[in-house]
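Please work through the exercises below with the sequence and the model at hand. Each task is followed by a solution in steps.

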Amino acid sequence: MNVFKKGLCAMVVLSFMVMSTGTASAAKTFRFAGQNPVDQESTKQMLRIRDMVLKETKGGIELKVYPANQLGDFQQIQEELLKGTIDFALISTNHQLDGRLMLPSMMFLAKTYDDAKKIYAKNGVLYKIIDEACNDLGMKFLGFSAECMSGIASVKPLNEKGLLDPKVKKSELIRTSGIASAVYTLQDLGFRTVSVPYAETYTALQTGICDAWWGGGPIHNYYGFGDIIKHYYATNLFIEATCFFASNKAWNSLTAEQQKVIQNAINIEEKNSFVSAEKFDKLYSQKLHDEYGVTIHTFTPKELAPIFENGRNKTWEKLTSIAGKDAIRRLREEVKKLEK
């Protein structure tokens with residue numbers, strides 16, 4: 001009898017060990033790469049997605065978050081996604097792989113966040129174009145994340161009337177990264193440009209190499225240039241928008257239900273990102289004013305209309321050589337339809 005009980009106990013223990021091992025092996029861990037520092041909103045989005053997915057799958061899927069370029073910069077990460085050596089990412093797009101990938105941060109897309117919500121919608125043309133590009137490359141596109149709208153920051157006042165009229169040639173010298181799309185944008189607005197690396201922009205403003213810089217939103221100017229700039233012009237020339245991606249290898253390893261859980265979590269953060277971006281633009285504009293005395297210049301959609309119309313015609317035409325004529329045509333038709 002004792003032998004029987006001992007045998008029975010051994011079988012129960014063995015069964016429990018097998019079940020425990022089966023549960024552990026069923027759990028999947030994926031690498032989720034990001035480019036921004038730990039304390040920035042985009043990294044917090046990644047952490048919330050991780051937590052939602054872990055909860056909804058009852059611990060079955062863990063997205064291990066690697067922020068701040070721990071797994072490489074956005075270009076390296078996108079290459080690794082294509083190889084399947086990184087599983088998920090929230091990063092800027094690398095249009096050197098496909099010209100259409102420049103479109104998430106395309107200039108002159110949206111004058112307001114209300115417009116942006118329509119243009120970046122999942123049933124919209126922009127979403128379809130990026131999805132098509134990713135399918136052609138061999139990776140999965142899962143959504144957008146808005147970070148901020150860009151403006152022009154200067155050490156001296158600009159002529160507002162001239163600023164909003166692309167036909168007026170500006171006397172101010174404005175810093176640009178040297179990327180073709182940025183140079184075209186500023187030159188088509190009538191500015192003289194000088195190429196300066198971002199890391200040297202503060203010194204360039206300080207020493208008079210340039211009078212202004214463009215490429216960042218209120219948050220970038222608050223943390224990087226608040227004590228040197230005197231004016232911030234909210235021209236909203238482009239939205240700093242990153243993208244959620246998955247490698248085909250990781251995505252195809254999931255069940256349909258698991259894919260749905262991850263996509264739903266990203267959908268929530270995607271929608272919230274446009275609300276958060278607008279909130280942070282207002283917050284850091286106010287902080288620039290209150291803490292550094294920067295004068296904030298804002299404009300109505302009607303006031304911005306001339307530079308946007310000029311950009312969508314003149315600048316976008318130049319960018320067809322990068323993004324392709326079909327993509328630009330579809331995007332032009334979309335924004336015109338949405339703004340009616």
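The exercises treat a pair of helices, a strand and a single helix in turn.

The model is predicted, with local features requiring pLDDT of at least 70 and side-chain atom pairs pLDDT 80 or more, while totals for chains, interfaces and linings use all residues. Residues are numbered from 1 along each chain, and side-chain values use heavy atoms, without hydrogens and water.

**Exercise 1.** Determine how the axes of helix 5 and helix 13 are oriented to each other.

*Solution.* Step 1: the axes (lines fitted to C-alpha atoms over the stretch in contact, with angles from 0 to 180 degrees between N-to-C directions) of helix 5 (residues 125–137) and helix 13 (residues 325–338) come within 9 Å and cross at roughly 160 degrees. Step 2: angles over 145 degrees count as roughly antiparallel, and helix 5 and helix 13 are therefore roughly antiparallel. Step 3: the contact (heavy atoms within 4.5 Å) involves Val125, Leu126, Lys128, Ile129 and Glu132 of helix 5 and Ala327, Arg330, Leu331 and Glu334 of helix 13.

**Exercise 2.** Identify the strand that pairs with strand 4.

*Solution.* Step 1: strand 4 spans residues 139–149, and nine of its 11 residues are buried (under 20% relative accessible area, 1.4 Å probe, protein chains only). Step 2: pairing requires at least two DSSP bridges; strand 4 and strand 10 (residues 239–247) pair in the antiparallel sense over nine bridges. Step 3: phenylalanine 144 stands opposite cysteine 243 in strand 10.

**Exercise 3.** List the buried residues of helix 7.

*Solution.* Step 1: in helix 7 (residues 180–188), they are Ser181, Ala182, Val183, Thr185, Leu186 and Asp188. Step 2: their cover includes strand 6, strand 7, strand 8 and helix 12. Step 3: just after helix 7, glycine 190 takes a positive phi of about 95 degrees.

Methods
Buried < 20%, exposed > 50% of the residue type's maximum accessible area, 1.4 Å probe, protein only. Helix = DSSP H or I, 4+ residues; strand = E, 2+ residues; numbered from the N terminus. Parallel < 35°, antiparallel > 145°, perpendicular 65-115°, else oblique.
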